[in-house]
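Colleague: I am new to reading models of this kind. Could we go through this one by question and answer?

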Amino acid sequence: MKKLVIVLGLAVTGLTACKNFEKGEGDMLYKIHTDKAGETIKEGDFIAFKAIEKTEGDSVLYSSYDYDRPSLMVKEKSVFKGDLFAALSLLSEGDSATFKINIDSMVQKMGRPMPSDTTKKYLVYTIKIDKVIPKGNLNDSLFRVKIDAYLKAEMEVAKTSEVKKIKAYVASKSLKPTVSASGLNYVISTQGSGAKANPGDTVLVNYTGMFLSGKVFDTSLAEVAKKSGTFNPQRPYEPLKLPVGMNSSIPGFEEGLMLLSKGAKATLILPSNLAYGEQGNQGIPPFSPLIFEIEMVNIIPARAALAPPPPPVPAKK
């Protein structure tokens with residue numbers, strides 16, 4: 001979508017696929033699920049919404065279940081008749097709907113990559129509008145103040161709900177984690193052998209990083225990347241090599257590595273203060289707890305400190 005800025009990631013409610021679509025402008029088809037009273041979205045309005053993008057064959061290309069945050073954007077002028085901006089103009093705060101948008105038009109007019117797993121005419125979007133801040137006659141400064149107040153409230157919700165979300169995840173997986181002094185939750189599923197990694201040692205570790213939803217955001221395993229739809233043929237898939245105890249990774253990940261010996265496997269559950277905190281990081285929203293499935297492939301001990309040189313041998317007389 002053109003200039004669709006995702007600020008906090010996304011969240012969504014599960015709305016089922018629909019039949020009996022109505023004809024909108026251009027090639028757009030739509031079905032309204034919830035129709036609340038209120039002004040429809042206008043160009044320039046700020047919108048927080050939840051969304052799923054699918055092919056007509058029900059292949060999910062994007063789901064906001066994965067991030068547990070609303071998507072944020074300012075509505076722009078339509079690029080072509082029946083585009084997603086036109087679809088949004090049919091909705092007001094609290095509304096939900098499913099839209100079918102012509103794929104070819106999105107590719108040609110908006111530069112959206114063509115999905116590789118469909119030959120059908122439409123992309124299907126299920127959208128629920130959480131919040132609308134009308135631009136109206138507000139000057140840019142006052143408009144920004146209203147948006148910032150909303151973002152601050154959303155960040156506070158994310159921050160205060162972390163503990164509850166982690167407890168819910170642990171319960172849903174029937175886990176019995178050990179909780180360290182720092183707040184790291186971990187479960188060692190396979191015990192290794194030998195000494196654990198110490199600060200300064202170098203480890204080789206396979207890992208898969210996920211959100212609480214199970215959505216994979218990074219992995220060292222090619223088969224996992226392919227299965228999760230994150231495979232990148234340009235990167236090598238091999239164990240990560242890094243020194244531990246040297247602040248070379250996020251705190252919870254490093255702490256977890258030093259709990260393991262060679263061959264061990266574990267699940268690490270990191271609260272955001274042991275991950276990417278209030279800033280987030282490239283696709284990881286602020287205040288996001290993270291899951292890591294890790295396997296300690298090898299531990300390379302740090303070189304022993306050099307012993308002092310022997311005293312000189314007295315010369316023969």
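Modeller: Contact means heavy atoms within 4.5 Å. Helices (H or I, at least four residues) and strands (E, at least two) are DSSP runs, numbered from the N terminus. This is a predicted model, in which local features need pLDDT of at least 70 and side-chain atom pairs count only at pLDDT 80 or more, while totals for chains, interfaces and linings use all residues. Residues are numbered from 1 along each chain as its sequence is written, and side-chain values use heavy atoms, with hydrogens and water left out.

Colleague: How many helices and strands are there, and what percentage of the residues count as buried?
Modeller: The protein has 6 helices and 16 strands. Buried means under 20% relative accessible area, exposed over 50%, and partly exposed in between (1.4 Å probe, protein chains only). Of the 317 residues, the share that counts as buried is 43%.

Colleague: How far apart are the end C-alpha atoms of helix α3, and what span should the helix have?
Modeller: The expected span of a helix is 1.5 Å times one less than its number of residues. Helix α3 (residues 140-160) has 21 residues, so it should span 30 Å. This agrees with the distance between its end C-alpha atoms, 30 Å.

Colleague: Within what arc do the buried residues of α3 fall?
Modeller: The buried residues of α3 are Phe-143, Ile-147, Tyr-150, Leu-151 and Ala-158. An α-helix has 3.6 residues a turn, so residues three or four places apart point the same way. The arc is that of the directions from the helix axis to the C-beta atoms. Seen down the axis of α3, its buried residues line one face, because they fall within an arc of 100°.

Colleague: Which elements do the buried residues of α3 pack against?
Modeller: The face turned away from the buried side of α3 carries the exposed residues Ser-141, Val-145, Lys-152 and Thr-160. The buried residues of α3 pack against β3 (46-55), β5 (71-74), β7 (122-133) and α4 (162-172).

Colleague: What covers the buried residues of α4?
Modeller: In α4 the buried residues are Glu-162, Ile-166, Tyr-169 and Val-170. They fall within an arc of 95° seen down the axis of α4, so they line one face of the helix. On the other side of α4, Lys-164, Lys-167, Ala-171 and Ser-172 are exposed. The cover over the buried residues of α4 includes α3, β15 and β16.

Colleague: Is Leu-270 buried or exposed?
Modeller: Leu-270 lies in strand β15. Leaving out residues up to four places away in sequence, Leu-270 touches Leu-184, Ile-250, Gly-252, Phe-253, Ala-275, Pro-289, Leu-290 and Phe-292. Because its relative accessibility is 0%, Leu-270 counts as buried.

Colleague: Which side chain does the side chain of Ser-220 join in a polar contact?
Modeller: Ser-220 lies in the loop between β12 (216-219) and α5 (222-228), and with a relative accessible area of 2% Ser-220 is buried. A polar contact is a pair of N or O atoms within 3.5 Å; within protein, one must be able to donate a hydrogen and the other to accept it, and residues adjacent in sequence count only if both atoms are side-chain atoms. At 2.9 Å, the partner of Ser-220 is Asn-206.

Colleague: What is the relative accessible area of Arg-303?
Modeller: Arg-303 is in the segment after β16. Arg-303 is exposed, and its relative accessible area is 81%.
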